[in-house]
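Open the model in your viewer and keep the selection tool at hand. The stops below say what to select next and what is there.

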Amino acid sequence: NGPAASYEPSMTTLGQLNIEIPGRREGDPVMTQEEYNTANKIYFERCAGCHGVLRKGATGKALTVDITRENGYEYVRDFITYGSPAGMPNWGTSGDMSEAEVDLMARYILLDPATPPEFGMAEMRETWKLIVAPEDRPSKKMNDIDIDNLFSVTLRDSGQIALIDGETYEIHGIIDTGYAVHISRISASGRYLFVIGRDALVNMIDLWMETPATVAQIKVGAEARSIETSKMKGFEDKYAIAGAYWPPQYVIMDGDTLEPLKIKSTRGMVYDTQEYHPEPRVAAIVASHYRPEFIVNVKETGKILLVDYSDIKNLKVTEIEAERFLHDGGFDSTKRYFLTAANARGKVAVIDTKEGTLTAITETGGQTPHPGRGANLMHPTFGPVWATSHLGDESIALIGTDPEGHPDSAWKVVQTLYGLGGGSLFVKSHPKSENLYVDAPLNPDAEVSGSIAVFKTGDLTQEEPEYTTLPIVEWAGIAEGQPRVVQGEFNVDGDEIWFSVWNGKDLESAIVVVDDKTLELKHVIKDPRLITPTGKFNVFNTRQDVY
Ligand code: DHE
């Protein structure tokens, strides 16, 4: 019952599954199986992220047939074509979908949703590949790479990551990973890099090998976004955990081999209404620094699970009632408190990871908070604060995180800043930096989506602090397309910050390096292999939760 000898993971993304049309009802639009397969592919690749596989709604509205049929074909078609200011993309007028595709999707959405198959232990074991067994791996580091200052860079549309040197900007290697690869996380020792694709394929890469390469692989479902490893003293590199969107579940794996050990479904009741939800997806997962626990955000039920990995045979899970719809988040500067966005409710939930309790739920005052990991700053008036920007507007909320030193402002929005515009995804700072960097990659205006706003902490005493605009796309010297500037990440010394210039798949992209002290351009990394770079994960900062 060991790992499968051969498996072709790229064959089974949700969009590629051949699911039969569910039972017809009178008045259903006519659709051939071929059209239905195409529509499923489009839906799972473009729509399910916001609306859910079963269309129960989360960041996007519910699209169950009681609603879509009430609205009717023409309404749905126009909505898909033109989008809405609330965040629905204008798939038709943007040219992302042809008129025929919009018509197909409008008809498809009037049909009952498809239910993809489950993915349990048997399926996982079938996909599990131990490429290099632990005993066959090097016993010491075999390369001269400065691992702490290595960046794992997501190459989204080529399904790869690039390993880039933080000192020399040299690309040490490009490694094949999952479909539309999403994030990287690092084991507690810093040796193993874990990467997860949207197709739920996990790659475990050994950074000690002469040429870092994948040593184990597994698929944990059909659709996933999150991966993390055990960080607690005594459990370093022992376990990995991956969270899936479909099926809604998480799996704890052996940290050396990715052997799946325990799968837990997240299906169950919504925290407040206590109604059953068939698809509560696993969003961000972080590893506690205070207890042997993974902190698992369950989006649709609004629950934060503290999964105790000290005895996984007798698994203890603490279920904290928080808020819907949990998405992403990170620690405060002490790493004791975990702040996570309940984005569709405009709130941030705060968990005390030392006590294992809910500390606060804070309204951010903006529309759809999207912090990434957030950013920790030393505010001249309010002491330590944590920042989040918003998808739906240009505001940035600073939340007090110092209940001992600044009890009056703890877990409250102490200041609101105004950045370049809506469509922001990530903010970033560093303990050694006095800057807060804010992106706006999803803003429709090319000048805005191609720039970064920088606030100086020293200016936060002003009522409405002004920001400096960094013209990152201009610095990259890329004229073609509408590249979006996304997700800043610091190097290990905290003296420079990298931004991705994320262009179309067939166009030139780049990574722009900015000097944190002078805010001047330091370097542009360009290479034909850098296809659609998005997330960047510095080994040290990711491992130690420095942001
Ligand atoms: Fe992400 C983090 C989900 C689209 C880049 N993204 C996360 C996390 C979740 C998530 C749950 C937190 C993981 C964790 O911490 O364990 N992302 C989703 C989606 O559901 C969504 C909205 C739509 C989808 O269909 O996937 C989505 N994400 C995107 C993108 O389009 C981005 C901008 C580009 C890309 O590469 O796909 C993108 N997401 C990122 C990045 C992080 C991330 C770079 C990690 C940020 C960090 O600093 O740790």
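Select strand S16 (residues 293-298) and strand S17 (residues 303-308): the two run antiparallel and are joined by 6 bridges. Strands here are DSSP runs of E of at least two residues, helices are runs of H or I of at least four, and both are numbered from the N terminus. Two strands pair if DSSP finds at least two bridges between them. Pick Phe-294 and look across to S17, where Val-307 stands opposite.

This is a predicted model, in which local features need pLDDT of at least 70 and side-chain atom pairs count only at pLDDT 80 or more, while totals for chains, interfaces and linings use all residues. Residues are numbered from 1 along each chain as its sequence is written, and side-chain values use heavy atoms, with hydrogens and water left out.

Now widen the selection to the whole sheet. Its 4 strands form an open sheet in the order S15-S16-S17-S18, with antiparallel pairing. At the edges are strand S15 (282-287) and strand S18 (316-321), each of which pairs on one side only. From one strand to the next the twist averages 20°; axes are lines fitted to C-alpha atoms, for helices over the stretch in contact, and angles run from 0 to 180 degrees between N-to-C directions.

Next, move to another open sheet, where 4 strands follow the order S9-S10-S11-S12 and the pairing is antiparallel. Strand S9 (223-229) and strand S12 (260-265) are the edge strands, pairing on one side only. The twist averages 20° from one strand to the next. Select strand S11 (residues 249-254), which runs antiparallel to S12 and is joined to it by 5 bridges. Tyr-250 stands opposite Lys-264 in S12.

Then go to strand S28 (residues 435-438). Which residues cover its two faces? Asn-435 and Tyr-437 lie on one side and Leu-436 and Val-438 on the other, and all are buried (buried means under 20% relative accessible area, exposed over 50%, partly exposed in between, with a 1.4 Å probe and protein chains only). Val-427 has Val-438 in S28 as its bridge partner. Strand S29 (residues 452-456) also runs antiparallel to S28, with 4 bridges joining them; there, Lys-456 is the bridge partner of Asn-435.

Gln-160 counts as buried because its relative accessible area is 17%. Its side chain makes polar contacts with the side chain of Ser-158 (3.0 Å) and with that of Asp-176 (2.9 Å). A polar contact is a pair of N or O atoms within 3.5 Å; within protein, one must be able to donate a hydrogen and the other to accept it, and residues adjacent in sequence count only if both atoms are side-chain atoms. Leaving aside neighbours within four places in sequence, the residues in contact with Gln-160 include Val-153, Leu-155, Ile-174 and Val-181 (contact means heavy atoms within 4.5 Å).

Last, select helix H1 (residues 33-51) and helix H4 (residues 99-108), which pack at an angle of about 90° with their axes 10 Å apart. That makes H1 roughly perpendicular to H4 (65 to 115 degrees; under 35 is roughly parallel, over 145 roughly antiparallel and the rest oblique). Among the residues that meet are Tyr-36, Ile-42 and Tyr-43 in H1 and Leu-104, Met-105 and Tyr-108 in H4.
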